[in-house]
2 protein chains.
Amino acid sequence: MQKGFIPMSEAALPTLLVLGAEPPPRLGGLTGRVRIQFADATTLAAQLPSADVLLVWDFASHAVRSAWPGDGPRPRWVHTASAGVDHLLSPELAASDTVVTNARGIFDQPIAEYVAGLVLAMAKDLPGTWRLQGHHEWRHRETQRVARNHACVIGAGPIGLAIARTLEALGITTAVVGRTPRPGVRGADDLGPLVAAADWVISAAPLTDATRGMFDARFFGLMRPSARFVNIGRGPLVVEADLVEALEKRWIAGAALDVFEEEPLPPGSPLWDTPGLLVSPHMSGDTIGWRDDLATQFVEMYERWEAGEPLPNVVDKERGYVRGA
Amino acid sequence: MQKGFIPMSEAALPTLLVLGAEPPPRLGGLTGRVRIQFADATTLAAQLPSADVLLVWDFASHAVRSAWPGDGPRPRWVHTASAGVDHLLSPELAASDTVVTNARGIFDQPIAEYVAGLVLAMAKDLPGTWRLQGHHEWRHRETQRVARNHACVIGAGPIGLAIARTLEALGITTAVVGRTPRPGVRGADDLGPLVAAADWVISAAPLTDATRGMFDARFFGLMRPSARFVNIGRGPLVVEADLVEALEKRWIAGAALDVFEEEPLPPGSPLWDTPGLLVSPHMSGDTIGWRDDLATQFVEMYERWEAGEPLPNVVDKERGYVRGA
């Protein structure tokens, strides 16, 4: 179907199924060219067979994983308004012919800024300063320079690369580690020595079978006692109990988590009160206007799909992320 | 006196008078070449006539201002281990032949990092996140991007220029304003429009008669309601009551002060609890090793003075800062 043609009857339009509690903005731009239906976790399985395209707008939902296996046709294209695809990539979806795309590019710079903010805040002990402010207490301390520090960013997608560029701009010598080496990216074999030399270890990895639980006691044991760990990837990359132990035993100097095994983090979780651990509610990439940006990206991709053009941001379903630089 | 000569008798050595509660490190490198004496605020006036060189190591002391006017000879050179010279530059010292030098260069990069940390922390509402963490409360918010923001840095010395370079590296379009325009520096005449267009206004100005109280109600009224103000210069640049009013009336969105009219900030000051105001205890430039860096810089300058070479970092005593880029 080409843009600019006379609209077909409603019945002949492709069906776009949207999984999400709230409708995305910007879809008005597709009026007359697509039939839009909404699904939630309880209705998704029944609606999948009639959908040509599935937009996973509720990026915290795991409903696709459970609804995908089943009878009948499946959407030819699934787009998720997120960088990670772990929440939807079931073995059946991976084995199917369905194309999966993600929101590659939207979160890169916001997350890089967020990580730079965390790194500088920890180096300058801003959390300690503001705790003292609450007590009206003037206590001068010496803080850490970040220039000429070393960082190791784990995850060589556009988010990891944007983090590395931003840290380098602050004078931090930064290595990026991916699954396979390529120019500018070190391979997994180099991980150990890079982590052992790093002042800052940043997790921006996709959640896959290969990365689940990779940040464990053994990993934190490799780090320098003065080093700090930041995770803005996915919660299950980290063995949370091991991180708590590493902080309590001062194997490492501090950590910041934006993502968790269970989200929202339960009020009773020990992570809230772990000394040296900064907790934020999965918001590192969510700058004002992010939903507009995600929706605009999807509309542009839909128009390519409609025109029969190749889609960008196609996920390698074996690997669980978009390949390449 | 040249280095490498056979040491003269103690009486013939120049006298280095150090004003400070604690002895500086590194002066051991001058052993046998100088007679070192220590002064405090009560003894300084009596000791000044016998000093060839005065090292103001206690950079919070205003003792030089009161002790300088008096009878007898005065040191030919006064060095302060600080960037600002407002605490020592009395009219009598300004009118004298004594050379005054400062610690230009030591604080540039540390303060630039600190300001970048404050800017990112405010943009990402890290103070709010950590307050919520204390309550075990998961509350997602949208935050601000800094890329393509505009900043105005007031103060065109090396600290202001380093701040500008660092903000530019984060993608923030940054203008530097000095007393007189020069390449890369806008003049005071451009201040109004630049402030009115800025998301971030950073004070890195020296404290002089021309700058005292420049950040007042009228100035904060020029700023955008979404903009934030940071002062790492000197406390009396800001009319503190006016800043409190600007924050309470939401003329501006937030502020961070590292320096204050009275330091330490008294426990009863309203600044501690002003909404949207971040308070830190005059530490923006004080990274681990800063005292060593300051002392090493002085020893190198002393060796130049000893050798009869021109001193760097000479303060223009009329203007109250070191001139030039």
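Which residue in E9(A) is the bridge partner of Val201(A)?

Author: The bridge partner of Val201(A) in E9(A) is Phe229(A). This is a predicted model, in which local features need pLDDT of at least 70 and side-chain atom pairs count only at pLDDT 80 or more, while totals for chains, interfaces and linings use all residues. Residues are numbered from 1 along each chain as its sequence is written, chains are lettered from A and ligands numbered from 1 in the order in which they are written, and side-chain values use heavy atoms, with hydrogens and water left out.

Strand E8 (residues 200-203) and strand E9 (residues 228-231) of chain A run parallel and are joined by 4 bridges. Strands here are DSSP runs of E with at least two residues, helices are runs of H or I with at least four residues, and both are numbered from the N terminus. Two strands pair if DSSP finds at least two bridges between them. Strands of a sheet pair through backbone hydrogen bonds, either parallel or antiparallel.

E8 and E9 belong to an open sheet of 6 strands in chain A, with the order E7-E6-E8-E9-E10-E11 and parallel pairing. Strand E7 (173-177) and strand E11 (277-279) of chain A each have a single partner strand, so one side of each has no neighbour in the sheet. On average, neighbouring strands of this sheet are turned by 15 degrees against each other, direction ignored. Axes are lines fitted to C-alpha atoms, for helices over the stretch in contact, and angles run from 0 to 180 degrees between N-to-C directions.

Two helices touch these strands. Helix H4 (residues 108-123) of chain A lies across E8, E9, strand E10 (254-257) and E11 of chain A, and runs at about 150 degrees to E8(A). Helix H9 (residues 240-248) of chain A packs on the sheet and touches E9, E10 and E11 of chain A, at about 150 degrees to the direction of E10(A). Contact means heavy atoms within 4.5 Å.

Chain A also has an aromatic cluster, formed by Trp57(A), Phe59(A), Phe107(A) and Trp290(A). Rings of Phe, Tyr and Trp (its six-membered ring) pair if their centres lie within 6.5 Å; planes under 30 degrees apart count as stacked, over 60 as edge-to-face and the rest as tilted. Trp57(A) counts as buried because its relative accessibility is 5%, and Phe59(A) counts as partly exposed because its value is 25%. Buried means under 20% relative accessible area, exposed over 50%, partly exposed in between (1.4 Å probe, protein chains only).
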